[in-house]
Amino acid sequence: MNRIKWINIAAIIAGSAIIAFGINYFNLANGLAEGGITGLALLLKYVLGWNPAWTNLLINIPLILIGWKMLGRISFIYTVVGMLSVSLFLWLFESFSMPLPDPLLASLYAGGIVGLGFGIVFRFEGMTEGTDIIARLMQKHYGIGIAKTILALDLVILLLSLIYLDLTRAMYTLVAIIVGARVIDFVLEGASGARAAFIITTKPDLTANAIMTELNRGITFLEGRGGYTGKHREVIYCIVSRKEIIKLKTLVHRVDPSAFVTFSDVREVVGNGFAKQE
């Protein structure tokens, strides 16, 4: 049975605290922006003086309510915990500030700390904002890949930030976002944006159905034969994003604890749920 894991809740809260600390200590202190909903909250802080703890919460609530059916009960709870935690810690840490004379150093610190926080949240199946929900809706209704939508949203927020930021500081913000993305990859132990999974299980139909319904990923059955036993067995092959690796491991283990799962790097993915061939 799919149940809430309290270690996941604790890790999501800890990761959210790290995100909020990095945002206050480095981004806000050095006039840097950020991607996603958090970046929009920072922009409203710079331009209108609004507290990002509240704007982050108010912007995310309707997005999460719109997408709660897509998330499922457990993912919805984890997402709400992450969203509330980030807003809470943004408020608690608002007096934390470290202006640095070197903007490049500030951007590296900001990207590293915030990326570490996001990596921990993703590692334990959580989310902190509604950009993923927007991306899933765009994929469902318009067939646009999730990664493309998230990247486009980050770029839109960055361009909007030019209302306040000069080009130099915008470039340092871009450096922070790139560094953060690489740190997230490191925390998730994935160097590429997607992984190919090969799953050998005694319950192929149940496992395949769980992957298709819970992860919304397509699967392919391959014919395999045991080298020692000589028995024929179906092998499940599927492609998942880096944020779904842990979810897939958890899902497969829940259905069949004795299943054998391997992952391999995928350099490029073209197809449903990922980038589309132009």
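Visitor: Is V47 buried, partly exposed or exposed?

Guide: This is a predicted model. In it, V47 is partly exposed, because its relative accessible area of 44% falls between the 20% limit for buried and the 50% limit for exposed.

Visitor: Where is V47 found?

Guide: V47 is found in helix α2.

Visitor: And which residues make the nonpolar surface patch with V47?

Guide: The patch is made by V47 together with L48, W50, V156, L160, I163 and Y164, and its area is about 680 Å².

Visitor: Which elements give two or more residues to that patch?

Guide: Two or more residues come from each of α2 (36-48) and α8 (146-160).

Visitor: Changing topic: E244, buried or exposed?

Guide: E244 is buried, because its relative accessible area is 10%, and buried means under 20%.

Visitor: Where does E244 lie?

Guide: E244 lies in the loop that runs between β3 (232-241) and α11 (245-255).

Visitor: What does the side chain of E244 make a polar contact with?

Guide: The partner is the side chain of R217, at 2.9 Å.

Visitor: Leaving aside neighbours within four places in sequence, which residues is E244 in contact with?

Guide: With those neighbours left aside, E244 is in contact with L215 and R217.

Visitor: Now α11: how many of its residues are buried?

Guide: Eight of the 11 residues in α11 are buried, so the helix is mostly covered.

Visitor: Which ones are they?

Guide: The buried residues of α11 are I245, I246, K247, L248, T250, L251, V252 and V255.

Definitions and conventions: Residues numbered from 1 in each chain as written. Predicted model: local features only at pLDDT ≥ 70, side-chain atom pairs only at ≥ 80, totals over all residues. Heavy atoms only, no water. Patch = residues over 30% accessible without salt bridge, like charges linked within 9 Å, V, L, I, M, F, W, Y side chains within 5 Å. Areas by Shrake-Rupley, 256 points an atom, 1.4 Å probe, with all protein chains shown as cover. Salt bridge = Lys/Arg side-chain N within 4 Å of Asp/Glu carboxyl O. Helix = DSSP H or I, 4+ residues; strand = E, 2+ residues; numbered from the N terminus. Buried < 20%, exposed > 50% of the residue type's maximum accessible area, 1.4 Å probe, protein only. Polar contact = N/O pair within 3.5 Å; in protein donor to acceptor, adjacent residues only side chain to side chain. Contact = heavy atoms within 4.5 Å.
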